[in-house]
Amino acid sequence: MPFIANTEAQQREMLAAIGVESIEELFADIPPELLCCGLDIPPGLTEQEARTKMAALAGRNTTGQIGFLGGGFYDHFIPAALEAIVTRSEFYTAYTPYQPEISQGTLQAIYEFQSAICRLVDMEVANASIYDGGTAVYEAIMMALRITRRNQVIIDDSVSPIHRKMVRSYTGNLGIDLEETASRGGLPDRDALAAQISDATAAVIVQNPNFFGCIDDVSDLAEMVHARGGLLIVSCYPIAMGLLKPPGQMGADIVVGEGQSLGMPVSFGGPYLGFMATRKKHIRKMPGRIAGRTVDARGREGFVLTLQAREQHIRREKATSNICTNQGLCALTAVVYLSLLGKQGLRELARVCAEKADYARERLLQVPGVTMRFPKRWYFNEFVLNLPMAADKVIRALFTRNIAAGFPLGRYWPEMSNCLLVALTEKRTKEDIDYLAHALEVIL
Amino acid sequence: MVPKDLSYTREHEWIRVAEGIGTVGITDHAQAALGDITFVELPPVGQELAQGAEACAVESAKAAASIYAPAGGKVVAVNEALEDDPGVVNSDCYGEGWIYKIELDNPAEVDALMDPAAYEEFLAQEEH
């Protein structure tokens, strides 16, 4: 089957219509160094050959390590019931509905997702989801700029370095005064922020628990930024909301986060799930789609996409965002996951994660030479260890023992090259933790 | 329906000037074209606007439109009643449906706008 939809005869006809001899002449204005000079593509394979080749490639991946990797993406157990529900054909679409009202099931799922996010983070309104956690942070920044009509944005550097990098990429050419503030002792530096926040500050962005796993009550930061007329954006880890004070109770104006932990596997490149919630008074400045519940002409309950005048198919260049879609299937996955867990289940899950992290911390600190990087802080399920040697070397050595030991913080903080970020989920057993500790004792 | 005591813009705003303060709203033609107005985004009081600058926006069920400053100045009041009842812009666009008041930098800018007769002619041309 040809992948170019038009025939050579049609191409000649089109070229003749615009008075050009050849396709090369059509592209004559493109500098030759930018033109692709032939692709080195091997001949086609049969289906069987392709399957064999792909299986061999897939077989080169290492799977089944005992994983302590976190850093924003967490290996939680995914119940089989989840896949059975989300793959039902009534639901199964990756995409936002573009003829929405005919897709009542999809709209109701989005509505339930929004409601679940609001309850999780204790905010008033949520949207239908955004691509991923990093995009959500960026969109929250843009939203704060619209609300405040200001230009300065301050990000604490214990916000995920991946998200900060995404924000820098997105905003690079927008003329925004984007400043990063170094955290101190594992938490946002109050003194530095107090000195930095001004009447030009649109928003301060923090993460809780932050990238180092540290827990913080940022209520004082909310007051600090509100006093100057700015907004507080908090990025959070949804599973932690089972135990921690939600950002909505700390005075956050916009709450965002990465939703992968809500029933999605950790996989390189995603698909992931961004969520976003805010106060009702800011709803018209929020990007993304919003599903609403209403009644039809006969008084029957139904679901619609609402407040669409914010969106680019209506407001064009003045839209709140170029995002006119959502992560349909991932949002569905998240709401099904939360429904399967239930309120009590989420609380128990969060407690189990925290207790396993407690045990792991105690056990790993018995390893000679291992100390806590931020010993005075509180943690949820993740913490930073000081090792007596470079963390990336330790990680490589442990990998041969079938352990993915964690994230080497030296990758983003050069002064922390001996620091290992270790995450625990309910999937890690006492034996797994003891095995990690034992392996560390052997290596160090 | 084009009141005789107002000046008009090509973007279908009207302005009424009294003692250096201009009151701004949208015309009957504009409210009819937009349909049921669901939200009026008011400008912040104190905002400085140049003539023709975007001041705020109105949304209807299926459209959003920007409201521009017919003349330059500083926003001194906004019609907060529209926050709860934006439909007033539909029902009384030249009266209770006013949107904001602006302290004019240069009242002569208003003289350059269309008078009622010119605006009626402008509307007639737009229909063609």
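Predicted model: local features only at pLDDT ≥ 70, side-chain atom pairs only at ≥ 80, totals over all residues.
Colleague: Before we look at anything in detail, what ipTM and pTM does the predictor give the complex?

Modeller: The predictor gives the complex an ipTM of 0.72, together with a pTM of 0.87.

Colleague: And what is the mean pLDDT of chain B?

Modeller: For chain B the mean pLDDT is 93, and 99% of the residues in that chain reach 70 or more.

Colleague: Turning to chain A, how is it divided into domains?

Modeller: Domain 1 covers 8-58, domain 2 is made of 67-75 + 343-443, and domain 3 covers 80-336. Taken over C-alpha atoms, the centres of domain 1 and domain 2 of chain A are separated by 49 Å.

Colleague: How many residues are in the largest nonpolar core, and which have the most contacts inside it?

Modeller: That core has 114 residues, and those with the most contacts inside it are Ile141(A), Ala144(A) and Ile233(A). Helix H11 of chain A, residues 328-364, supplies the largest share, with 15 residues.

Colleague: Where does this core lie relative to domain 2 and domain 3 of chain A, and why?

Modeller: It lies between them, because domain 2 and domain 3 of chain A both give residues to it.

Colleague: What does Ile141(A) touch?

Modeller: Leaving aside residues up to four places away in sequence, Ile141(A) touches Val153(A), Val167(A), Ala203(A), Ile205(A) and Ile233(A). There is also a second, separate core of 28 residues, which includes Trp14(B), Ile37(B), Val40(B) and Ile99(B).

Colleague: One more residue, then: where is Leu113(B) found, and is it buried or partly exposed?

Modeller: Leu113(B) is in the loop between helix H4 (108-111) and helix H5 (116-127) of chain B. It counts as partly exposed because it has 19 C-beta neighbours inside 10 Å, whereas a buried residue needs 20 or more.

Colleague: So what does Leu113(B) touch?

Modeller: Not counting residues up to four places away in sequence, Leu113(B) touches Ser7(B), Tyr8(B), Thr9(B), Ile15(B) and Pro70(B). As for Gln31(B), it is 82 residues from Leu113(B) in sequence and 20 Å from it in space, C-alpha to C-alpha.

Methods. Residues numbered from 1 in each chain as written. Chains lettered and ligands numbered in written order. Core = buried A, V, L, I, M, F, W, Y, C linked by C-beta atoms within 7 Å. Buried ≥ 20, exposed ≤ 12 C-beta atoms within 10 Å, placed from the backbone. Helix = DSSP H or I, 4+ residues; strand = E, 2+ residues; numbered from the N terminus. Domains from an automatic or database assignment. Contact = placed C-beta atoms within 7 Å. pLDDT = per-residue confidence, 0-100.
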